[in-house]
Amino acid sequence: MTSVINMLRRPCTGPAVWAGPDLADSEKWVLRLSPAQIDELEAALRAVRARGLPLLKMTAGDFPLPTLAGELERIAGVLENGRGFVLVKRIPVERYSQAAASTIFWGVGRHLGVPVSQNAAGHMLGHARDTGRSLADPGTRGYQTRASLLFHTDGSDVLGLLCLRAARSGARTAVVSSAAVYNAVLARRPDLLGRLYRTHFLDLREEQAPGERPYAAVPLVSWSGDKLSMRYNRCYLESAQRFPDVPRLEPTDVELFDLVDALAGSPEFRLEVDFEVGDLLFLNNHAVLHSRTEYEDFAEPELKRHVLRLWLAVRQGRGLPPDFWGDPHSTGGGPVRGGVAPRDVIATQNSVVLSGCRHQRRPPPTQIQEETE
C-alpha cells in the first residue's frame with residue numbers, strides 16, 4: 001500500500017481548480033491563431049523541409065516561431081501551473097498533406113516538451129482513429145476504437161491532439177479538473193479519500209516489455225510540491241482483474257470509481273470542448289481528465305475521423321512519487337518520463353528515425369519519405 005503521509009486533507013485551491021460552467025462562455029482557455037501566426041507555422045514547415053530533416057530528429061530550434069514561441073511558452077505555464085488545458089483554433093489542415101500537418105504538430109509540440117512513446121511499437125506520433133477493434137480485446141486501446149471513453153488520463157505529462165478529420169457524428173470531447181473532482185470526493189465521501197492514495201492496478205493492455213508484469217501498480221492520486229496529480233482509467237483498472245495475481249477490487253473501490261465517474265461527467269464540473277477540424281488541444285494529464293463520446297464514422301476511408309496524438313514529457317514538470325508511473329526507472333531524474341517502453345528498441349538520438357512516426361533501428365532512408373507522405 002502506498003504511504004498516505006502526504007495525503008491532502010483539505011480542498012485544493014488555485015487555478016487548477018475550476019468548474020466547466022464557469023469557463024463555458026469564456027475564451028481564456030482558447031488561442032485563436034492570427035494569419036501572421038499561421039504564416040509563421042508555414043514558414044517553419046518550409047524551413048524543416050528545405051533541410052530534409054527527419055521528423056523525429058526535429059527540435060524546437062529547428063522549427064522557429066518568432067512570435068508564436070512566446071504564446072507557446074505561456075501555454076506551457078498554463079498547462080503546468082494554471083487550469084491545465086488550452087485549445088488552439090484553428091490550424092488550416094485542409095491546406096496540408098498529412099505529412100505537413102504532422103510536421104507542424106510535432107514542431108509545436110517540441111516547443112512544449114519532449115515526445116515519448118505511446119505504445120510498445122514505439123510510436124511517437126499517434127493516430128487516433130477507428131480500426132474496427134473492440135475494447136473487449138485486451139490488446140486494444142481506446143484511441144483505436146470509436147467506443148465511448150469515460151473520463152481518464154493518459155500515460156504522459158501532457159497530451160496533444162490535432163483534429164485532421166471529424167467523425168460523421170458524435171466524438172464529443174470534454175475535460176474536467178482533477179482537483180475539482182478531488183475536492184468533491186473530499187466533501188461528499190471523505191471516507192473514500194484515502195483510497196485514492198492506495199496502490200491500484202492498471203492493465204498494460206499487452207504492451208508490457210518482455211519479462212515484465214502485464215499491469216502497473218500505481219496510486220490514483222499524488223500530492224507533492226503543493227500540486228495534486230491524478231492517474232485514472234477505469235477501463236484499465238477493471239480489465240487488470242483478468243490477472244489472477246492482481247488483488248480483487250473491493251466494494252469500496254467500485255464505490256470510489258462510481259463516484260469519480262459521476263463527478264467527472266456531471267454538468268456541474270465538466271466542460272464540453274468544440275474540438276473541430278484544425279483544432280489543437282493540449283492538456284496536462286496530471287491536472288485534467290478527458291473523455292470522448294462514441295461516434296459514427298463515414299463509410300469512405302478518406303473521410304473517416306482522424307486525430308493526431310502526441311504524448312509529451314515536460315522539461316520542468318512537477319514532482320511525482322517513484323511509483324506514479326508504475327515504473328520507477330521512468331522517474332529517474334531525466335528529462336523524459338512516462339510513455340510506453342518500446343519493445344526490442346533502445347531509443348537514442350542516433351537510432352530514432354521516422355517509420356510511421358516510431359522508433360526503429362536504422363531503416364533505409366527511403367522509408368522516411370514513404371511513411372510520411
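Predicted model: local features only at pLDDT ≥ 70, side-chain atom pairs only at ≥ 80, totals over all residues.
Why is helix α4 largely enclosed by the rest of the structure?

1. Twelve of the 13 residues of α4 are buried, so the helix is largely enclosed by the rest of the structure. The buried residues are Ala-99, Ala-100, Ala-101, Ser-102, Thr-103, Ile-104, Phe-105, Trp-106, Gly-107, Val-108, Gly-109 and Arg-110.

2. Helix α4 covers residues 98-110. From its first C-alpha to its last it reaches 18 Å, close to the 18 Å expected at 1.5 Å a residue.

3. The largest nonpolar core has 40 residues. Leu-41, Ile-91 and Phe-282 have the most contacts inside this core. At least two of its residues come from each of α2 (35-51), α3 (68-81), β2 (85-89), α4, β6 (158-165), β14 (280-284) and β17 (306-313). The largest share, six residues, is supplied by α4. In soluble globular proteins, nonpolar side chains tend to be buried together.

4. Leaving aside residues up to four places away in sequence, Phe-282 touches Leu-79, Gly-84, Phe-85, Val-86, Phe-105, Val-108, Gly-109, Leu-112, Val-158, Leu-159, Gly-160 and Leu-312. Another core, of 36 residues, lies apart from the largest one; Leu-202, Val-218, Leu-220 and Leu-228 are among its members.

5. Next, a sheet. Four strands form an open sheet in the order β5-β15-β8-β13, with antiparallel pairing.

6. Ala-174 stands opposite Glu-272 in β13. Helix α5 (residues 178-188) packs on the sheet and touches both β8 and β15 (288-292). The direction of α5 makes about 60 degrees with that of β8.

7. How many disulfides does a search of the whole structure find? The search finds zero. A disulfide is a covalent bond between the sulfur atoms of two cysteines. Cys-163 has a relative accessible area of 2%, and because buried means under 20%, Cys-163 is buried. Cys-235, at 30% relative accessibility, counts as partly exposed.

How values were computed
Residues numbered from 1 in each chain as written. Heavy atoms only, no water. Pairing = 2+ DSSP bridges. Contact = heavy atoms within 4.5 Å. Axes fitted to C-alpha atoms, helices over the stretch in contact; angles between N-to-C directions. Expected span 1.5 Å × (residues − 1). Buried < 20%, exposed > 50% of the residue type's maximum accessible area, 1.4 Å probe, protein only. Disulfide = S-S within 2.5 Å. Core = buried A, V, L, I, M, F, W, Y, C linked by side-chain atoms within 4.5 Å.
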